[in-house]
Amino acid sequence: MCKVDRIEGRASYRERIPLPPGAVLEVVLEDVSIQDIKATEVARSVIGDPAGPPFAFVIEYDAATIIPSLQYAVRARILVNGRLWCTSDTFYPVLTGGSGSKADIMMRMVREAEALSIMGGELHFVDGEGTFTEVDTGKRYPLAREGDYDRLEASYRQVAAGGPLFVTFEGVIILGGGTVVVKRFIRAWPGHSNERSRSNAELANTYWRIVDLQGQAITTVEGRREPHMLLKEVDGHRRCSATVGCNQLVSGYEQRGESLTFGMAASTLMACGPPLDDWERRLGQVLSGTRRYRIKGATMELFDEAGDSIALLEAVYL
């Protein structure tokens with residue numbers, strides 16, 4: 001049986017600005033022993049709508065995982081509606097090297113241009129110039145011709161016939177609210193609109209159509225079931241069932257904040273011909289590799305440990 005220890009502390013920020021509704025505080029314990037290599041997460045605490053500032057936190061961790069010769073540190077950030085609002089940028093050592101199990105973390109507000117986030121809204125092109133109307137705020141922004149702009153425009157030209165097209169992408173709003181920069185184009189969603197997507201779909205008890213697995217477009221094979229995923233939560237029991245149209249994969253799942261993991265999947269044993277055999281292999285890898293999710297309107301993206309996108313899904317309301 002593991003011995004559970006804890007790190008306690010407070011996180012705060014200097015600006016005299018009240019915390020917006022829907023804020024989420026994340027405090028993470030990491031192994032930072034190897035410089036210039038991404039830190040390894042050991043444990044985390046996620047607090048929705050925290051009281052403060054300052055914000056009291058407790059991180060519980062397995063004491064057996066701590067190696068005295070290594071270095072550990074904590075960091076904190078606050079997300080508001082999935083967007084980075086403030087973050088720590090200083091090293092806060094804990095546990096080893098003479099450091100204790102308490103930490104007071106100071107965060108800084110993120111300038112608007114630094115707040116990289118998943119954005120959704122309607123894309124318009126008039127006289128060759130692109131504008132983007134964000135679903136969350138209704139604000140219209142011109143688009144900078146940099147980053148992933150070319151892929152965004154190409155998708156619009158291919159799908160839309162002069163009208164608005166709902167798109168999702170990872171982007172930033174340049175300081176002052178003047179321009180949006182598309183850093184990573186995700187996908188165009190014909191049939192969606194700002195009106196339809198003003199509220200986010202629920203993770204659980206929603207029918208999620210599988211659109212993409214590891215960069216491979218997924219469609220319905222004639223005579224087969226539609227590829228989909230369904231996460232159910234009943235009386236505290238969480239169960240996921242998913243298929244690309246052949247076997248049914250079933251597992252438990254754990255969700256906390258934006259963290260999402262799936263347990264080992266059990267499967268029926270039908271033989272699957274191409275392309276279902278490849279798609280099913282990808283689905284199994286996505287289930288085992290998912291660590292985080294993000295819902296924007298009626299769309300969901302799954303991410304692996306490295307933060308790379310590994311699946312896209314679309315909510316279908318039956």
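The legends below describe close-up views of a predicted model. In this predicted model local features need pLDDT of at least 70 and side-chain atom pairs count only at pLDDT 80 or more, while totals for chains, interfaces and linings use all residues. Residues are numbered from 1 along each chain as its sequence is written, and side-chain values use heavy atoms, with hydrogens and water left out.

View 1. Helices (H or I, at least four residues) and strands (E, at least two) are DSSP runs, numbered from the N terminus. In helix α1, which spans residues 149-159, the buried residues are Tyr149, Leu152, Glu153, Ser155 and Tyr156; buried means under 20% relative accessible area, exposed over 50%, and partly exposed in between (1.4 Å probe, protein chains only). Seen down the axis of α1, these buried residues fall within an arc of 160°, so they line one face of the helix, the arc being that of the directions from the helix axis to the C-beta atoms. Asp150 and Gln158 are exposed residues on the face of α1 turned away from its buried side.

View 2. Five strands, in the order β11-β10-β9-β12-β13, form an open sheet with antiparallel pairing, where two strands pair if DSSP finds at least two bridges between them. The edge strands, β11 (140-142) and β13, each pair on one side only, and the twist averages 40° from one strand to the next. Helix α1 packs on the sheet, touching β9, β10, β12 and β13, and its direction makes about 55° with that of β9. Contact here means heavy atoms within 4.5 Å, and axes are lines fitted to C-alpha atoms, for helices over the stretch in contact, with angles running from 0 to 180 degrees between N-to-C directions.

**View 3. The pairing of β12 with β13.** These two strands pair in the antiparallel sense over seven bridges, and Gly171 stands opposite Val182 in β13.

**View 4. The disulfide and another cysteine.** A disulfide, counted as a pair of cysteine sulfur atoms within 2.5 Å, joins Cys246 to Cys272 with an S to S distance of 2.0 Å. The pair links distant parts of the chain, 26 residues apart, with Cys246 in the loop between β17 (237-243) and β18 (249-256) and Cys272 in the loop between β20 (266-267) and α2 (276-289). The torsion about the S-S bond of Cys246 and Cys272 is about -90°, so the disulfide is left-handed. Cys246 counts as buried at 2% relative accessibility, and Cys272 is buried with a relative accessible area of 17%. The sulfur of Cys240 lies 17 Å from the closest cysteine sulfur, in Cys246, which is too far for a bond.
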